[in-house]
Amino acid sequence: MNHTVLIAAIGLLSTTTIFAQTVSGPLIVVEDRGGDSALPYYQSLNPQPDQATPPAPMPTPRAGNTADAEAAMLPVRSTQLSPGEVQRRVIRAPGLTALFLIGDDERSRAWLRQRQAALRELQAVGLVVNVESMAALTALRRLAPGLILSPASGDDLARRLGLRHYPVLITATGVEQ
């Protein structure tokens, strides 16, 4: 009985080997550099920790303040948007947080002064799509305390919503000036 099992096992092993070779096909050698050891490349990485020397302390990353980050983003210029008249229209964007687009121009400043109470009530977020300096951004923020105004290009949003002008309020249900 043991002899029969051994012969069957050898037959099964040889059949499996032949099947595996025919199914997967021969291996393709992409590049052969003569069998040079890769060890020198890994030694510089020091894969094994050296118990004698403690690990070097990692420097704590410094996060700049918000004003520095915003100043680095300026000037912001949205080439597809300019101050002008916006026609009211209905959109369907369920879940969209109310947002508005303004620039550093007289039309936007007047619109912001006039609409600031309604914008606060909607908890709308403002994108300043055309602004040259931190001083100009700060002046816009002084016009509407309590509103979030962030410098950002509006070109992508303009393309997606078919906008050409600002100031504009965008809600889940409509676009209006």
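**A strand, a helix and a strand**

A: Let's start with β5 and β6, which run parallel and are joined by four bridges. Strands pair when DSSP finds at least two bridges between them, and the elements themselves are DSSP runs numbered from the N terminus, with helices (H or I) of at least four residues and strands (E) of at least two. Before going on, a word on the ground rules: this is a predicted model, in which local features need pLDDT of at least 70 and side-chain atom pairs count only at pLDDT 80 or more, while totals for chains, interfaces and linings use all residues. Residues are numbered from 1 along each chain as its sequence is written, and side-chain values use heavy atoms, leaving out hydrogens and water.

Across the pair, V128 stands opposite P151 in β6. To get from β5 to β6 the chain passes through α5, giving a right-handed β-α-β crossover; that is, with the strands pointing away from the viewer, the path from the first strand over the helix to the second runs clockwise.

Now look at the helix in the middle. In α5, A136, L137 and L140 are buried (under 20% relative accessible area; exposed is over 50% and partly exposed in between, with a 1.4 Å probe and protein chains only). These buried residues fall within an arc of 100° seen down the axis of α5, so they line one face of the helix; the arc is taken from the directions from the helix axis to the C-beta atoms. The spacing makes sense, because an α-helix has 3.6 residues a turn and residues three or four places apart point the same way. On the other side of α5 you will find A135 and R142 exposed.

Strand β6 (residues 148-151) has two faces as well: L149 and P151 are on the covered one, I148 and S150 on the uncovered one. In a regular strand, side chains alternate between the two faces of the sheet.

Leaving aside residues up to four places away in sequence, L149 touches E70, F100, I102, L112, G126, V128, L137, L140 and R141, where contact means heavy atoms within 4.5 Å. L149 also belongs to the largest nonpolar core, of 18 residues, where F100, I102, L112, L119, V128, V131 and L149 touch the most other members. Such a core is a set of buried Ala, Val, Leu, Ile, Met, Phe, Trp, Tyr and Cys residues joined through side-chain atoms within 4.5 Å. Two or more residues of this core come from each of β4 (99-103), α4 (106-122), β5 and α5. Apart from it lies another core of 13 residues, including V86, L99, V129 and V175.

Finally, the loop between β5 and α5. There, E132 forms a salt bridge with R77, their closest N and O atoms being 2.8 Å apart (the rule is a side-chain nitrogen of Lys or Arg within 4 Å of a carboxyl oxygen of Asp or Glu). E132 lies between β5 (125-131) and α5 (134-143) while R77 is in strand β1 (residues 76-77), so the pair ties together parts that are 55 residues apart in sequence. E132 is partly exposed, at 47% relative accessible area. By this rule the count comes to 10 salt bridges.
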